[in-house]
Amino acid sequence: MQSAVRETITKIRKFILENFMFTDDEAALRNEDSFLEKGIIDSTGMLELMAFISDEFHTTIDDDEIIPDNLDSVNHVASFILTKKTGNI
Amino acid sequence: MGIHQYLIESAERYPDRQAIVEVHKSRTYRELCADAKKIAAWLFSESIAPGDRVGILMDDPAEYVASYFGILMAGAVVVALNTQTTSRTLKEVINDAEISILVTQFKFVRYLTYIADGIPSLRAISVHGFSSPPPSLLGIKLTDSAYVYDESYLQNKEMLAFLGGSDMDIAQIVYTSGTSGKPKGVVLQHGNLMANTCSTIRYLQLTPDERHMVVLPFFYSFGNSVMLTHIAAGATMIVHQSVMYPKVVLDIMQRENVTAISGVPSTFAMLFSTPLVKRYSFPCMRYFAQAGGPLSPKYAMEMKNTFPEVDIYIMYGQTEASPRLSYLHPDDFYRKPGSIGRAIPGVTLKLLDTKGRPVQAGDVGEIVACGQNIMQGYWKDPGRTAMVLRKEGLWTGDLAKMDEEGHLYIVGRKSEMIKSGAHRIAPKEIEEIMLEHPAVKAAAVFGVADEILGEIIVACIITKTGGDCDEKALFLHCKQNLPGFKVPKHICFVENFPTTGNGKIDKNSLKNSSAELLKG
């Protein structure tokens, strides 16, 4: 389970760093940073993030799941994906 | 009278009415006006003089509005700064406007640390939300806003007797993208903003009972107009300035019984394209107001079908017009699809050819506007002012046709300006930044149609080696030097640019081929 968490977080970080922050600098993004508050992702970026989650993790996102608690940081996204995969949502 | 009187009068008439409601806090008119007066008093204590420019760099709605009116009460000029910014952009605007005092939040101070030695006009900053000792900013005095809100300032009798400028004084300089790539400051007098505010209140029939959902930032001219009209009407603004999470906004709208919402096309595309919206009911909703570019007919019809009882106002304007110029009456929504309607009260709109002659009915001409809402000119730029403010009025750069009933239909723009979401973006500014990258030989930037944003930014690049270069490095270069909304969504590498008959880059051809490429 620990390795699944690590692998999920690594993939999400890589996607955010490459596509929204355009950097390899791992220090530029903390896992708890709010995408909205820090201006990392905007409204259209959110659509790209959702497409990534769907393609990479084969996870569908319902409209009412598009909320900060599920998507507004690396930790939130990872937790959301893993919970969906284990069928707890 | 100045526009700050709107807040003073609403606080006298409706002291206990909510002026601003946010998720975790709200302000009554009495509280908001008191805060504005304290900010004015602090500015006096900092020896502000009439006409001095004071910047606002804030995304905290209540603090923003209090600061806006406080600055005007002190007789100074508001320069509202886009919070999606870079140190480079801030430096350019602070220097151009010669801002002497800035009100901001702690999280934005980081932008200033890199440029403190290059902004000589800035001498004092009020910082909201100090969470740690501030960085040292060479010779610039930093004050915690908690101290600014000190009641003792209000003892300043000189300030209370003065309370702001009048209709002929400059109230605000609004920075907008210029076609040359350098930002231009639109100079608006109190009288310009008051004329437009009164007209907008009239055609939208605003009353103090309004509860308006505000999702647009106040530093945009559209958001500024929403703020002024609702403060003037003594109405309530429910504020959450992001549609990134549509459910959050829809929940607020339902919970707060909002009566209206204003937005640009992407606002409505984000909120109403989701099936989720059908689960909500907004029994108090009176109207949706849309401006900032054409709304996709698909979304317009979806909105109307989902909420048939809600009026839809299609509006058109420009920052240079404070900003409203025309609206389509909701009764004409089905009858005049694609129209931006007719001039608002107090405004005259004509369609003229390049020589200033009225065009024949049905022919294309440039929209030229007259009215008390039209700007005084561009800040310190008589050359650019003379190009658009001519004896016929304000030449908007927008090309349109008029039908037999006087309804206008935009058919194009004279400039290459890109409209993406709520932003107007000059391709030249992005091209100049891309040319600073050592691998880039030539750059052509343009907008390509997008269902959500209206347009997205695409850059075509010729490299010095003739091939591709590190795309990621190019994106990073843009990200470091441009606000996020100006960073191209796509970069294409080409060997050469197609040209027009007179040797200019044929951007239409590039646009078409890129649109095809992106579709594929």
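Leaving aside neighbours within four places in sequence, Leu228(B) is in contact with Ile3(B), Tyr6(B), Leu193(B) and Thr197(B), where contact requires that the C-beta atoms of two residues, placed from the backbone, lie within 7 Å. The model is predicted, so that local features need pLDDT of at least 70 and side-chain atom pairs count only at pLDDT 80 or more, while totals for chains, interfaces and linings use all residues. Residues are numbered from 1 along each chain as its sequence is written, and chains are lettered from A and ligands numbered from 1 in the order in which they are written.

Leu228(B) is found in helix 9 (residues 221–233) of chain B; helices (H or I, at least four residues) and strands (E, at least two) are DSSP runs numbered from the N terminus. Leu228(B) counts as buried because it has 26 C-beta neighbours inside 10 Å. A residue is termed buried if 20 or more other C-beta atoms lie within 10 Å of its own, exposed if 12 or fewer, and partly exposed in between, with C-beta atoms placed from the backbone. Between the C-alpha atoms of Leu228(B) and Val243(B), which are 15 residues apart along the chain, the separation is 22 Å.

Chain B is divided into domain 1 (4–166), domain 2 (205–309) and domain 3 (422–519), with bounds that come from an automatic or database domain assignment. A distance of 27 Å lies between the C-alpha centres of domain 1 of chain B and domain 2 of chain B. Across this boundary, 20 residues of domain 1 of chain B are in contact with 16 residues of domain 2 of chain B. To the side of domain 1 of chain B that touches domain 2 of chain B, at least two residues each are supplied by helix 1 (4–13), strand 1 (18–21) and helix 3 (61–73) of chain B. That side of domain 1 of chain B has 13 nonpolar, 3 polar and 4 charged residues; Ala, Val, Leu, Ile, Met, Phe, Trp, Tyr, Cys and Pro count as nonpolar, Asp, Glu, Lys and Arg as charged, and the others, Gly among them, as polar.

In a regular strand the side chains alternate between the two faces of the sheet. From strand 12 (residues 260–263) of chain B, Ala260(B) and Ser262(B) point one way and Ile261(B) and Gly263(B) the other way, and all are buried. Strand 12 of chain B runs parallel to strand 10 (residues 211–214) of chain B, to which 3 bridges join it; strands pair if DSSP finds at least two bridges between them. Met213(B) has Ile261(B) as its bridge partner in strand 12 of chain B. Strand 12 of chain B also pairs in the parallel sense with strand 13 (residues 287–290) of chain B, over 4 bridges, and the partner of Ser262(B) in strand 13 of chain B is Ala289(B).

Chain A has 4 helices and 0 strands. The radius of gyration of chain A, taken over C-alpha atoms, is 12 Å, close to the 12 Å that the globule rule gives for 89 residues, so chain A is as compact as a globular protein of that length. The globule rule is 2.2 Å times the number of residues to the power 0.38. Buried residues make up 27% of the 89 residues in chain A.

Between the chains, 14 residues of chain A are in contact with 20 residues of chain B. Helix 2 (residues 43–57) of chain A gives the most to the side of chain A that touches chain B, with 3 residues.
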